[in-house]
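Please read the following briefing alongside the sequence and the structure shown here. It covers the arrangement of the chains, a helix contact and several strand pairings.

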Amino acid sequence: MKRTAYRLEDIVTRFGGSVLGNGGVLISQIATLDSASAHQIAFLANSKYRAQLDSTRAGAVILGAADADATTLPRIVCENPYAYFAKLSAFLNPLPHAVAGIHPTAVVGDGANIAPTAQIDAHVVIGDGAQIGAHSVIMAGCNIGASVVIGENSRLYPRVVVYHNCVLGNNLIVHSGVVIGADGFGFAMDEGCWLKIPQIGRVVIGNDVEIGANTTIDRGALDDTVIEDDVKLDNQIQIAHNVRIGAHTAIAGCVGIAGSATIGRYCRIGGSAGILGHLQVADYVEISSFTLVGKSIKERGSYCGIFPFSSTKVWRKNAAQLRHLDELADRIRQLEQQIESLKN
Amino acid sequence: MKRTAYRLEDIVTRFGGSVLGNGGVLISQIATLDSASAHQIAFLANSKYRAQLDSTRAGAVILGAADADATTLPRIVCENPYAYFAKLSAFLNPLPHAVAGIHPTAVVGDGANIAPTAQIDAHVVIGDGAQIGAHSVIMAGCNIGASVVIGENSRLYPRVVVYHNCVLGNNLIVHSGVVIGADGFGFAMDEGCWLKIPQIGRVVIGNDVEIGANTTIDRGALDDTVIEDDVKLDNQIQIAHNVRIGAHTAIAGCVGIAGSATIGRYCRIGGSAGILGHLQVADYVEISSFTLVGKSIKERGSYCGIFPFSSTKVWRKNAAQLRHLDELADRIRQLEQQIESLKN
Amino acid sequence: MKRTAYRLEDIVTRFGGSVLGNGGVLISQIATLDSASAHQIAFLANSKYRAQLDSTRAGAVILGAADADATTLPRIVCENPYAYFAKLSAFLNPLPHAVAGIHPTAVVGDGANIAPTAQIDAHVVIGDGAQIGAHSVIMAGCNIGASVVIGENSRLYPRVVVYHNCVLGNNLIVHSGVVIGADGFGFAMDEGCWLKIPQIGRVVIGNDVEIGANTTIDRGALDDTVIEDDVKLDNQIQIAHNVRIGAHTAIAGCVGIAGSATIGRYCRIGGSAGILGHLQVADYVEISSFTLVGKSIKERGSYCGIFPFSSTKVWRKNAAQLRHLDELADRIRQLEQQIESLKN
């Protein structure tokens, strides 16, 4: 496939910033400083990696004012090189447009309302009364339950499952293996056996949300599970029933969020972290990878709880003491008392 | 959809308990105290939330004897309000019945034995010699391997995979993305390369089990992996080969159980916990979220091992010391000796 | 199914080792010492389990020279009983051969190149220009993206998804629910909203790799994500964009590896461990279950960082002190100074 190339000057006309050096350089793709070639543009988002500018074979570079003189290559100087790179890359690498139509192997239920511009691929199943909005793409093998609503311009990669009644917004990207709206984990113990509690809430997802591969979002028990606008979820995240995740929050892979937890807006949660049920996390909270949040966080800030790793030999010694920490603290208290009496 | 409504008195006739207030109130659905409206019944399972009774607009409430006078609303007084709610909700929100028949896009292998009352949806694949019991529902895109046995009245949501030879009981609920019977993780190192150890055991699952979305249960290496009756598994749990999970045990999301571990009956395991291979866990054991069980647990009780989180600044200081805990303990011992000699 | 049986002597002719006792015993299957019957052979890989030899009803046993006299049963004595067992079991339990052909319900894109000996099962979708090598098996419901290359003799179990452009080698085993090549988690914050960074790299997987159920491997952001030869990945592992995993490394279930981390060759990573982004891990490193690797590991060896579990009551006391560890260390320092001045 021959790629279209753009002059550096024309890129700046479209996306802002200013050109230093030859504005006529032709750029057809983005690449890293390490691997870029003559018709590719690289970016420097962090001055720490400035040394890589010396050896790059990129045709041009995107960088901030502070690094504007760090190279003589043709370059775009802008305020936020990482965001600039994101915008330019999205322009050079657009998602394919929806190809309107329903594949003959797809199975569509009664009363389903599929926009004429939507793309429904092979072996998709769409339940009774479901709605698929304009220009949305439902890729092969997806299963859309009865009465589900999917907005416009959304893309479900192959093999996504959305259970009945869930509501998904516009401009979503949902990756393969995602399950939206399975039953939450709710049981009551009764005479030695578990009784299932029907999960009659929905999952309601806003606009501009991306959901990574094999992530699961359970439907609410009675009320809904809610994912607000512009939330970004990585792979293999588990979101339990009745969780609410505030707008613009980003969550890394393998995080587990227990039932009825409420996460604020603009939070960032590191990989494999966990949040216990019924807790509240304020806006603008950062949680480190592998941290279990065991009580509500009321103030913005950065939170952590990780056992620092070491060689197994050293760990064994330290971990052994960890089991006696309360006793060590007692011994310190006794020492302090003894010293006091010795002093007197 | 118009819902059927039931008089409070008739509910009590069916499920027990006693009515206080107007027994003629019509109830068609369950809801939370917060969101319930005039024809909905809410429940109070914990006296702690009693204050919510004041503002609820529920038509009626389910509560225990201790809270019987906490509201003047029409109410059902019973021993276990949470179990009562579960039973009533299951009555008001029944799972749809199997609609007998095999969808024309399903592919059924030679010698498969599908009960005439079973429902086989679109794009399902059923292997040679597999058996599907009466009233069971195999939803779209499921893949049932050769010689698999599935009991009666079980429901597999879309896109479940069951590998060959596995045996599943009656009244199961298996959510989307579950994989039952994939190969366990078994390799022998030989001259610098891994040799695969064929996994020739099965997965055998009892009755009344529920399995959450994207959970995986590996087949046994030589003997079987076994899940006993009434086990409840949440989403994204990983159960390795030759594990046995005792009846009535409930396991929360993202838990990992390593090979040949044996979990007792009536255990409760918190989210993202782990159990190492070949360990035994007694009956009635509770394990906290995020806890790694590193040796067998022989007595019932509650077990925990979580690094408590804090602000990242405080964590840094404490974690730095953690790496020197053995040294700190040494220094305390020396102090104790020095104090002793000073005293003498 | 009647199994073929082999004389113990003939097994030794084929796989090496020497026979003690009756070499004419007929063996048709492998089993554990506990469950083996007369035509089954068991193995003793660890002298620790020697006592089980007394009660086994196996027809024969595989064991090492050190245990050669621990039983009078017919037996094969060899150097590495576990590897011997693996080889013999693979011989007795071969994977079924590819049955050449494309199922009529499969959908194959323009210009796809499928080897005539490959097996393409029901409801598979193969994208434009994809290549499937000789004797490879693509089981039901798999989705192979445009321009994907899959080598020879590889087996994808039902419902695997491989996104466009990814490259997979020979002799792979990929279990159900695996997603290869979904977008990495890359966003730039711009004026309060997230901008998606197109993920234009690929996933490139070598030969002899096995990937467990529901594991996800993201495509590279700009360059590729790389899995080298003979890597073994268990279930529900998350591998982020631009990770590289060295040959012969084995990773247990639920591990998360963050973006651009590089793992060496012959590493072993325990279940639910994590590795932060951009780190390097040397060759021959062992990482314990539940350990978060927070900085690069430059030397081979064994590393650990786990909070040891205990009864919840004991844990509460110790964990409370953990929040004051820095303060405890201060108090020890003060005690040391006070003792010094008392001594003088």
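Which residue of β40(B) does Tyr303(A) stand opposite? Tyr303(A) stands opposite Ser311(B). This is a predicted model, in which local features need pLDDT of at least 70 and side-chain atom pairs count only at pLDDT 80 or more, while totals for chains, interfaces and linings use all residues; side-chain values use heavy atoms, with hydrogens and water left out. Residues are numbered from 1 along each chain as its sequence is written, with chains lettered from A and ligands numbered from 1 in the order in which they are written.

**Relation of the chains**

- Chain B is superposed on chain C by a rotation of 120 degrees with 0.0 Å of shift along its axis, at an RMSD of 0.1 Å. That is the relation of a three-fold axis.
- Chain A is superposed on chain C by a rotation of 120 degrees with 0.0 Å of shift along its axis, and the RMSD is 0.1 Å.
- Superposition is by least squares on the C-alpha atoms of residues with pLDDT of at least 70 in both copies.

- Helix α5 (residues 325-343) of chain B packs against helix α5 (residues 325-343) of chain C at an angle of about 30 degrees, and their axes are 10 Å apart. Axes are lines fitted to C-alpha atoms, for helices over the stretch in contact, and angles run from 0 to 180 degrees between N-to-C directions.
- α5(B) and α5(C) are therefore roughly parallel to each other (angles under 35 degrees count as roughly parallel, over 145 as roughly antiparallel, 65 to 115 as roughly perpendicular and the rest as oblique).
- The residues in contact (heavy atoms within 4.5 Å) include Leu328(B), Ile332(B) and Leu335(B) of α5(B), and Ala329(C), Ile332(C) and Glu336(C) of α5(C).
- By class, this contact of α5(B) with α5(C) has 12 nonpolar, one polar and four charged residues. Ala, Val, Leu, Ile, Met, Phe, Trp, Tyr, Cys and Pro count as nonpolar, Asp, Glu, Lys and Arg as charged, and the others, Gly among them, as polar.

- Helices (H or I, at least four residues) and strands (E, at least two) are DSSP runs, numbered from the N terminus; two strands pair if DSSP finds at least two bridges between them.
- Strand β37 (residues 285-287) of chain A runs parallel to strand β39 (residues 301-304) of chain A, joined by three bridges. Ile287(A) stands opposite Tyr303(A) in β39(A).
- β39(A) is also joined by two bridges to strand β40 (residues 310-311) of chain B, and these two strands run antiparallel.

**Hairpin in chain A**

- Strands β22 (residues 187-190) and β23 (residues 193-196) of chain A pair in the antiparallel sense over four bridges. Met189(A) of this pair stands opposite Trp194(A) in β23(A).
- Two residues lie between β22(A) and β23(A), which form a hairpin, and Glu191(A) in the turn has a positive phi of about 55 degrees.

**Five-stranded sheet in chain B**

- Five strands of chain B form an open sheet with mixed pairing, in the order β2-β7-β6-β5-β4. β2 (18-20) and β4 (29-30) of chain B stand at the edges with a single partner strand each, so one side of each is left without a neighbour in the sheet.
- β2(B) pairs with strand β7 (residues 75-77) of chain B in the antiparallel sense over three bridges. Val19(B) stands opposite Ile76(B) in β7(B).
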